[in-house]
Amino acid sequence: MERFTTLTGLVAPLDRVNVDTDQVIPKQFLKTIKRTGLREGLFFDWRKLKDGSPDPSFFLNQPRYQGATILLTRDNFGCGSSREHAPWALLDQGFRCIIAPSFADIFYNNCFQNGILPVVLKAEEVLPLIKDVTETLGYRLTVDLHHQTVTTPKGTTFRFEIDPFRRDCLYRGLDAIGLTLQHEDAIAAYESRRKAEAPWLFSDVHP
Amino acid sequence: MAGKTLFDKIWDSHVVRTEPDGTTLLYIDRQLVHEVTSPQAFEGLKLAGRRPRRSAATLAVPDHNVPTTDRRLGIADHVSALQIQTLEDNCKDFGIALFNMSDIRQGIVHVIGPEQGFTLPGTTIVCGDSHTSTHGAFGALAFGIGTSEVEHVLATQCLVQKRPKTMEIRVDGTLSERCSAKDIILAIIGKIGTAGGTGYVIEYTGSAIHALSMEGRMTLCNMSIEGGARAGMVAPDEKTIAYIKGRPLAPKGDLFEMAVQGWGQLKTDTDAKYDVTVTLEAEQIAPQVSWGTNPGMVLGVDQNIPDPRTMSDEKTKNATERALAYMGLSPNMPITGIAIDKVFIGSCTNSRIEDLRLAASFAKGKKVAKTVQAMVVPGSGLVKQQAETEGLDRVFREAGFEWREAGCSMCLAMNADVLKPGERCASTSNRNFEGRQGAGGRTHLVSPAMAVAAAIEGHFVDIRHWS
């Protein structure tokens, strides 16, 4: 996993609440057996007009947001389906950071597995930012994971909260499975203790 | 020492170790796997040269992509076929039990877990699917995970988790006649909103919950995620034990007796505290119909479509306007005035034998409206077989419903069962997101009884007063 330290990047705004992962990437793109190449499915239904041509009002179709690495959006982003194809598609498009007042739990978790930093700012911080981004060509923010801050071009700084364990894993780009496997002795000890208490849990599920 | 909630008891008995900030390495007893969210997990194992820690704790089944028409014809969509073949290959390579497409036990992953006795009280169960919350109906801690975590559990039988908060949702009283678990959960989501449960595990309590059958409890827990909660649960009782006893993967003999004794402890202590409690009265719950583009946009069938012009909150107003435009509905129109084109009875929410029995009882001797195409998709091959033994398939067919093979089908329309743009569907599934059942399709979430009545009348009706 690519580590996340600081990022200064172009910001793209998605001014909608409750964006579900069916919108982030619709079902027809879930048939792949790969993690890559999912960019074409990102916000697929929202990118097009009814006749199938690109919708010029949708942010991903606007030249000014090409190359954006930070997505700024609203409450409850990523709700619904657990599909990790959602962060894969966002990453494939180039997004490394998503800022919103709140995220759905599974999506929030999935971001950390893929080197994407989800940042929770207050709604009263996000709304003016969306306005600034929309009104200012080439608007960039700086996100600093170590100091847990988001800084605007004018130098205003917002602090965000994040679990220290998640922060450190992302900051160092650690392999989560490798990390857990360092505790194999503890897992084995748990299993033998548990097997004595609840042996039925260790029956083979092969029918 | 303060008492523990049901959740606390299960969580505490699965802690392998805890980091200084409270991040926990949680042991996972069992994992269910399907074709859509697993190929990249198996690929990851292969690339890292890792093997599953306990392949005997994992059960796999294809469900999302499978055709619901004649299986002997194979899968016309080559990409879907490859995904299903990949699941079969991976299960073979890694020694994982699989019910393939021609197996009578094949079905929706959340239907077959309970059906096989794989789902047990007090366990931790995960699956790369958000509706894993279904299994909480047995007093298990069951939640959906992403594909990286599927790989993590395969490799380590553990997950790194932050302890969630607890929410009690208490529903007391008696439901109106013909109202069901689906109406309870839709009413709950209407009340707490789609993010109301974010960060929480829900325990459903109260007399109306304990009166539900196991199938009803599964419907209830299934949609916890639509309220934002990754997991929902109901404390096990004698119904739970009766349901599990004798199922193929359930413990047998002395082990079963020992397990039942352990399960007796799985209830919230009287002096335990939840972080938050929400209450509803069963008598107040009308048959529910969703009108918008998320499951929180839901009302009783006797209500009218909301009017954004009367809303002061900018967020709600904009979301309502957008939803009504997508759904092609006008403010203030009565819900019973909404005409439908399609009816889908199925999904991990409502495709179990009890759902089909109930739906058939309303369809018996009636005819689907000429303007409506209606289909019934059983949750598993065994549910289908049972329904056919009871003659339910005949009842449905005679009424004009299509009777299909088991799978996820039009709940998410990954197979050939898809709404066309603008088509309107009364669906017993769990999500009414834009395009969920097909690009441009319009979904109204309802109970099986409400879906049947809508199929026959061609529009929504109040099932309480329907003859």
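Visitor: How do you know what confidence chain B has?
Guide: From pLDDT, the predictor's confidence in each residue, from 0 to 100. Chain B has a mean of 97, and 100% of its residues reach 70 or more. This is a predicted model, where local features need pLDDT of at least 70, side-chain atom pairs count only at pLDDT 80 or more, and totals for chains, interfaces and linings use all residues. Residues are numbered from 1 along each chain as its sequence is written, and chains are lettered from A and ligands numbered from 1 in the order in which they are written. The model scores ipTM 0.97 and pTM 0.97.

Visitor: Why is I345(B) called buried?
Guide: A residue is buried if 20 or more other C-beta atoms, placed from the backbone, lie within 10 Å of its own; 12 or fewer makes it exposed, and in between it is partly exposed. I345(B) has 32, so it is buried.

Visitor: Which residues is I345(B) in contact with, leaving aside neighbours within four places in sequence?
Guide: Contact means C-beta atoms, placed from the backbone, within 7 Å. The partners of I345(B) include N350(B), V376(B) and A451(B).

Visitor: What makes helix α3 of chain A largely enclosed?
Guide: Helices are DSSP runs of H or I, at least four residues; strands are runs of E, at least two; both are numbered from the N terminus. In α3 of chain A (residues 85-93), 7 of the 9 residues are buried, so the rest of the structure largely encloses the helix. Among the buried ones are W88(A) and L91(A). Their cover includes α1, β2 (70-73) and α4 of chain A.

Terms used:
Contact = placed C-beta atoms within 7 Å.
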